[in-house]
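User: I'd like to learn how to read a model like this one, feature by feature. Could you walk me through it?

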2 protein chains.
Amino acid sequence: MFKFAARKTFGLTKDTTTEKKIKEAAKAVFYSKGFEGCSSREIAQAAGLNVALVNYYFRSKNKLFQEIFSEALDEFIGSMVQIFQTELSLIEKLTIFIEKEFDFLARHPELPNFIINETNRDENCAIDESKYFNKVRETGIFEQMKLAQSKDEMIEIDIASVILLILSNCQYPVMSKNFMQSIMPIPNEQYALLLQAHKAHVIEMLVNYLFKTKI
Amino acid sequence: MFKFAARKTFGLTKDTTTEKKIKEAAKAVFYSKGFEGCSSREIAQAAGLNVALVNYYFRSKNKLFQEIFSEALDEFIGSMVQIFQTELSLIEKLTIFIEKEFDFLARHPELPNFIINETNRDENCAIDESKYFNKVRETGIFEQMKLAQSKDEMIEIDIASVILLILSNCQYPVMSKNFMQSIMPIPNEQYALLLQAHKAHVIEMLVNYLFKTKI
DNA sequence: AACTATATTAAACAAATGTTTAAAACACGG
DNA sequence: CCGTGTTTTAAACATTTGTTTAATATAGTT
């Protein structure tokens with residue numbers, strides 16, 4: 001079928017520096033501009049090499065994107081799972097998760113917008129629904145919540161709603177920075193400070209609302 | 001300069017049905033696919049006419065987009081202002097705003113993602129920062145909040161944080177529908193129900209957190 | 001050094017893009 | 001019904017796009 005198959009299909013995938021360079025460049029460009037917002041040539045140029053080479057390693061813009069996107073999702077869900085599977089109490093898990101999420105997003109502010117946005121572009125987002133769901137489920141977080149609810153330590157609320165509450169309050173403030181700055185006069189440094197203060201509000205608000213046993 | 005100026009530059013802008021058709025089509029296409037995600041021809045086709053005609057009326061894809069985008073923002077801020085400038089108490093304003101916002105977003109679910117996303121694409125978003133800020137400021141909502149805080153009816157919190165809390169919890173659940181559905185098995189009808197229940201949680205959580213005088 | 005498999009490049013390709021041209025269709029007052 | 005201004009169209013234009021080709025460079029093995 002393919003006279004020139006991509007490099008990956010052959011054996012020994014020694015971690016060429018070139019492949020990494022392309023992936024890093026693609027990641028940066030895709031994150032900030034989205035799939036449709038950039039060209040293959042732009043990625044190649046960002047990596048400091050030829051257009052043909054990116055297709056030589058990744059076969060097509062689509063293939064390359066899917067690899068980047070799926071890794072972004074892995075990273076994203078992974079950080080969630082990592083905390084859920086500890087032996088902490090729900091309140092501690094919630095607090096630590098929000099703390100870490102704010103810090104993580106301060107370093108990768110384009111990520112949530114990238115993921116939400118590309119997920120809405122029905123194409124290319126052939127996500128394995130059950131894969132991530134199972135990963136989260138296996139942490140036992142759902143049982144832990146149900147138990148807390150039955151012991152009347154936590155309010156009656158759909159687990160999906162809890163996830164929504166958490167992600168809403170962690171991600172939206174980062175995603176909407178430019179929008180917020182265009183309707184309110186907030187310089188960049190001040191927005192960073194705002195986010196720090198906001199984090200404390202979010203933690204207190206969510207803990208107080210979800211749990212009946214106040215600390 | 002222009003041998004063929006756009007129609008609008010001449011006098012009498014009688015509301016041609018054609019111009020409206022183009023705008024409606026452009027709105028639908030831009031909202032769901034974004035500026036970079038669609039072509040001029042796609043818009044023309046959606047309006048059922050020629051490509052040249054959309055440029056005849058709007059000069060360029062960019063010009064057309066900016067008109068759509070700025071109207072979207074007007075609509076968005078307008079609905080906010082409309083509630084702020086009533087004579088209700090803060091708690092009532094907050095409750096009604098969230099109610100209305102959830103209903104509005106149920107009808108226009110693409111809008112928040114569209115606005116956030118295009119605002120992040122630094123180009124084309126030459127928003128008049130002060131214009132919208134003044135509109136909101138003129139409602140007196142800031143003074144009302146400061147007064148409530150001084151009377152110890154409301155917690156000490158930055159006004160920007162309050163706006164963030166509200167928008168986060170109203171918009172993110174709508175924007176992230178596809179993402180949520182790809183990490184949790186939630187069919188469409190169930191997601192609508194989830195949103196209804198979520199709205200009640202958001203109202204109760206925000207009212208309880210922001211205001212000290214419980215109802 | 002010659003052979004071979006892999007890496008890299010410049011050039012080409014067809015399709016799609018935003019925009020413009022020039023001509024046709026339309027409306028309508030004289 | 002002719003003339004004039006507006007609306008609509010098909011076709012062209014120059015660029016850019018994703019992808020492929022074919023040729024060159026770079027190693028590594030015998």
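Analyst: Gladly! Helices (H or I, at least four residues) and strands (E, at least two) are DSSP runs, numbered from the N terminus. Read along its sequence, chain A follows α-α-α-α-α-α-α-α-α-α-α, which comes to 11 helices and zero strands. Keep in mind that this is a predicted model, where local features need pLDDT of at least 70 and side-chain atom pairs count only at pLDDT 80 or more, while totals for chains, interfaces and linings use all residues. Residues are numbered from 1 along each chain as its sequence is written, chains are lettered from A in the order in which they are written, and side-chain values use heavy atoms, with hydrogens and water left out.

User: How much area do chain A and chain B bury between them?

Analyst: The size of an interface is often given as the accessible area lost when the parts come together. Buried area is that loss with a 1.4 Å probe, summed over both parts. Here chain A and chain B bury about 4700 Å², 69% of it on carbon and sulfur atoms. On the chain A side, Leu164(A), Tyr172(A) and Tyr209(A) lose the most area, together 15% of what that side buries. Counting contacts (heavy atoms within 4.5 Å), 51 residues of chain A and 50 residues of chain B take part.

User: How many salt bridges are there between chain A and chain B?

Analyst: A salt bridge is a side-chain nitrogen of Lys or Arg within 4 Å of a carboxyl oxygen of Asp or Glu. Between chain A and chain B the count is zero, although over all chains it comes to 20. One of them pairs Glu67(B) with Lys23(B) at 3.2 Å, N to O. Glu67(B) lies in helix α4 and Lys23(B) in helix α1 of chain B, so the pair ties together parts 44 residues apart in sequence. Lys23(B) also meets Glu71(B) in a salt bridge, at 2.9 Å. In chain A, Lys23(A), Glu67(A) and Glu71(A) are linked in a network of salt bridges.

User: Which residues have the most contacts inside the largest nonpolar core?

Analyst: In soluble globular proteins, nonpolar side chains tend to be buried together. Buried means under 20% relative accessible area, exposed over 50%, partly exposed in between (1.4 Å probe, protein chains only). A nonpolar core is a set of buried Ala, Val, Leu, Ile, Met, Phe, Trp, Tyr and Cys residues joined through side-chain atoms within 4.5 Å. The largest one has 153 residues, and Phe30(A) and Phe30(B) have the most contacts inside it. Beyond its neighbours within four places in sequence, Phe30(B) is in contact with residues including Phe35(B), Leu64(B) and Phe114(B).

Technical notes. Buried area is the accessible area (1.4 Å probe) that two parts lose on being put together, summed over both.
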